[in-house]
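Q: Hi, could you walk me through a structure? I have a few quick things to ask.
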Amino acid sequence: MAEAEGVALRLDGLSRRFRSRWALRDCSLELPRGRVSALVGPNGAGKTTLFMLATGLLRPTSGTIDVLGADPARTGMPAGASFLAQDKPLYRTFRVAEVLRAAAALNSRARWDAGYAARLIDEAGIGPEERVRELSPGQRARVALAVALGRRPELLLLDEPLSELDPLARRQVMGSVLAEATETGMTVLMSSHVLSDLEDSCDHLVLLRNGRVRLSGAIDDLLAGHRHLAGPTSNRDDLADATVVHASTVGRQTTALVCGTEAPPAFRAERPTLDDLVLAYLREPESAA
């Protein structure tokens with residue numbers, strides 16, 4: 001089982017089809033416990049579908065998914081997991097205290113920590129008698145996160161948790177998540193379109209493109225295993241022996257992201273940034289995807 005092997009989430013040939021469209025196709029990966037992982041990809045890549053499968057809200061068309069040693073298609077979301085959806089669903093007419101009481105009732109079989117959830121609300125400067133509809137987007141995100149963390153999860157799934165938040169609110173929400181992960185060893189899988197939100201927070205990367213896993217692993221290892229090359233266009237043929245992820249030419253200069261650390265003599269080689277890595281894999285030729 002995934003739990004016994006130190007893996008929080010495992011996909012094995014996982015696919016999900018909606019009528020004639022494949023949202024995910026033959027996806028396999030292992031997410032180690034204790035990692036804060038970024039899930040990236042363009043719109044329609046399958047990120048939200050993956051979250052829905054991990055929480056048992058959808059069933060796979062084929063393949064398997066293992067969450068903390070359980071099959072969510074059979075059991076629903078495991079008690080050790082928690083999910084915060086992109087729209088941060090909260091009853092807008094409820095007072096904050098009522099949200100927490102409802103969460104306690106709905107999570108009676110999970111490891112609900114009412115005192116901890118209330119403390120997160122208090123640290124955010126939100127009064128228990130305030131109504132959800134009167135809160136700012138950042139405050140609503142803090143309430144939704146308090147509910148998600150109140151389950152004391154081993155695995156926290158966050159679908160675009162920082163969307164529509166201002167820079168200060170983004171920093172506060174990420175601070176709460178990272179503090180919890182540091183204190184408890186919780187595993188986090190978080191999607192975002194903003195790489196700057198992820199680069200300083202995440203140590204693991206999962207990249208989806210066209211419903212497939214194109215890249216997965218520790219970010220430091222992935223960056224160390226690639227090089228960003230720049231050199232004269234006249235020497236572009238020298239790249240023929242390299243494993244090129246993506247290359248482009250502007251004027252007299254060719255740039256490329258390649259697998260491995262070797263570089264042709266005419267090309268300058270540098271360790272890529274996370275931006276370089278992700279964008280190259282998103283731009284690679286369709287036939288390679």
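Q: At what angle do helix H5 and helix H6 pack, and how far apart are their axes?
A: Helix H5 (residues 137-150) and helix H6 (residues 167-184) pack at about 10°, and their axes are 9 Å apart. That makes H5 roughly parallel to H6, a label for angles under 35 degrees. One note before going on: this is a predicted model, where local features need pLDDT of at least 70, side-chain atom pairs count only at pLDDT 80 or more, and totals for chains, interfaces and linings use all residues. Residues are numbered from 1 along each chain as its sequence is written, and side-chain values use heavy atoms, with hydrogens and water left out.

Q: Thanks! Which residues make that contact?
A: From H5 there are Gly138, Ala141, Arg142, Leu145 and Leu149, and from H6 there are Ala169, Gln172, Val173, Ser176, Val177 and Glu180. Contact here means heavy atoms within 4.5 Å.

Q: And how do the residues of the contact divide into nonpolar, polar and charged?
A: Six are nonpolar, three polar and two charged. Gly counts as polar in this scheme.

Q: What is methionine 174 in contact with, leaving aside its neighbours within four places in sequence?
A: Its contacts are then Leu162, Met190 and Ser201.

Q: New topic: which strands pair with E10?
A: Strand E10 (residues 226-232) pairs with strand E12 (residues 253-259) in the antiparallel sense over seven bridges. E10 is also joined to strand E13 (residues 268-270) by three bridges, again antiparallel. Pairing requires at least two bridges found by DSSP.

Q: What are the bridge partners of alanine 230?
A: In E12 the partner of alanine 230 is threonine 255, and in E13 the partner is arginine 268.

Q: Why is E10 largely enclosed by the rest of the structure?
A: Because five of the seven residues of E10 are buried.

Q: Last one: how many residues of helix H1 are buried?
A: Six of the eight residues of H1 (residues 47-54) are buried, so to speak mostly covered. They are Lys47, Thr49, Leu50, Phe51, Leu53 and Ala54. Just after H1, glycine 56 takes a positive phi of about 80°.

Conventions:
Axes are lines fitted to C-alpha atoms, for helices over the stretch in contact, and angles run from 0 to 180 degrees between N-to-C directions. Helices (H or I, at least four residues) and strands (E, at least two) are DSSP runs, numbered from the N terminus. Angles under 35 degrees count as roughly parallel, over 145 as roughly antiparallel, 65 to 115 as roughly perpendicular and the rest as oblique. Buried means under 20% relative accessible area, exposed over 50%, partly exposed in between (1.4 Å probe, protein chains only).
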